[in-house]
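Reader: I have a structure to look at and some questions about how its parts pack. Can we take them one at a time?

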Amino acid sequence: MCEQPARRAALRRGGPLALLLVLLVACGPGGTAAPMGSTAPDPAFNATDTAWLQLMIPMTEHMADALALAADHSDDPGLRGLAAAVLIEHRAELDRLRALRVAAGLPDTDVHAGHRMPGMVTAADLIVLRADHGAEFDRHLRPLLDEHLAQSGVLATGELANGQQQGVKSLARAIERNRSQERERLRALH
């Protein structure tokens, strides 16, 4: 079993989501580290770093797919503009996230495929968004975007509290700042 002090420290420093990251990735059967990829993991990356990368990549990819639809599906010029700006930011972040994944020696598979997680746009969400136009599209995109921005900001805070690799922490710091600003812009549209 994963050691109690590690769980308590993760909960104290990063909250419940940081603890979840530690338990999902660092604690395999018998309390040993779970396999992280097809190559030897870089020791500069701890379990929080790798868990954060493995979660943020699909979260960001799926939201980018949703945001890309806004140009043709939204009736709200403010939401279209915000979606375009956030999409640019997300694509830049994806480049950095993927480069860090390679540096960490992680596979490029989505270990969260099929999971329903806070802030994660699902395949079902994308089907609805692709079918919607105008006010219906806007009504579906807004809460998905808000939840995504909130949760990815919380996850970035957990990475900052418990991560180790400086490149990952630097990106988490930028994402935390970006998500806060993006949420403020989204709230101003209401």
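Reader: At what angle do the axes of helix α2 and helix α6 cross, and is α2 parallel or oblique to α6?
Author: In this predicted model, helix α2 covers residues 47–73 and helix α6 covers residues 166–189. Their axes come within 11 Å and cross at roughly 40°. Angles under 35 degrees would count as roughly parallel, and 65 to 115 as roughly perpendicular. The crossing at roughly 40° therefore makes α2, relative to α6, oblique.

Reader: Which kind of residue, nonpolar, polar or charged, has what count in the contact of α2 with α6?
Author: On the α2 side are Asp49, Trp52, Leu53, Met56 and Thr60. They meet Val168, Leu171, Ala172, Ile175 and Arg179 of α6. Sorted by kind, the residues of this contact are 2 charged, 1 polar and 7 nonpolar.

Reader: Is Leu106 buried or exposed?
Author: Leu106 lies in the loop between α3 and α4. Its relative accessible area is 8%, and buried means under 20%. Leu106 is therefore buried.

Reader: How far apart in space are Leu106 and Thr50?
Author: In sequence, Leu106 and Thr50 are 56 residues apart. From C-alpha to C-alpha, their separation in space is 7.7 Å.

Terms used. Residues are numbered from 1 along each chain as its sequence is written. This is a predicted model: local features need pLDDT of at least 70, side-chain atom pairs count only at pLDDT 80 or more; totals for chains, interfaces and linings use all residues. Side-chain values use heavy atoms; hydrogens and water are left out. Axes are lines fitted to C-alpha atoms, for helices over the stretch in contact, and angles run from 0 to 180 degrees between N-to-C directions. Helices (H or I, at least four residues) and strands (E, at least two) are DSSP runs, numbered from the N terminus. Angles under 35 degrees count as roughly parallel, over 145 as roughly antiparallel, 65 to 115 as roughly perpendicular and the rest as oblique. Contact means heavy atoms within 4.5 Å. Ala, Val, Leu, Ile, Met, Phe, Trp, Tyr, Cys and Pro count as nonpolar, Asp, Glu, Lys and Arg as charged, and the others, Gly among them, as polar. Buried means under 20% relative accessible area, exposed over 50%, partly exposed in between (1.4 Å probe, protein chains only).
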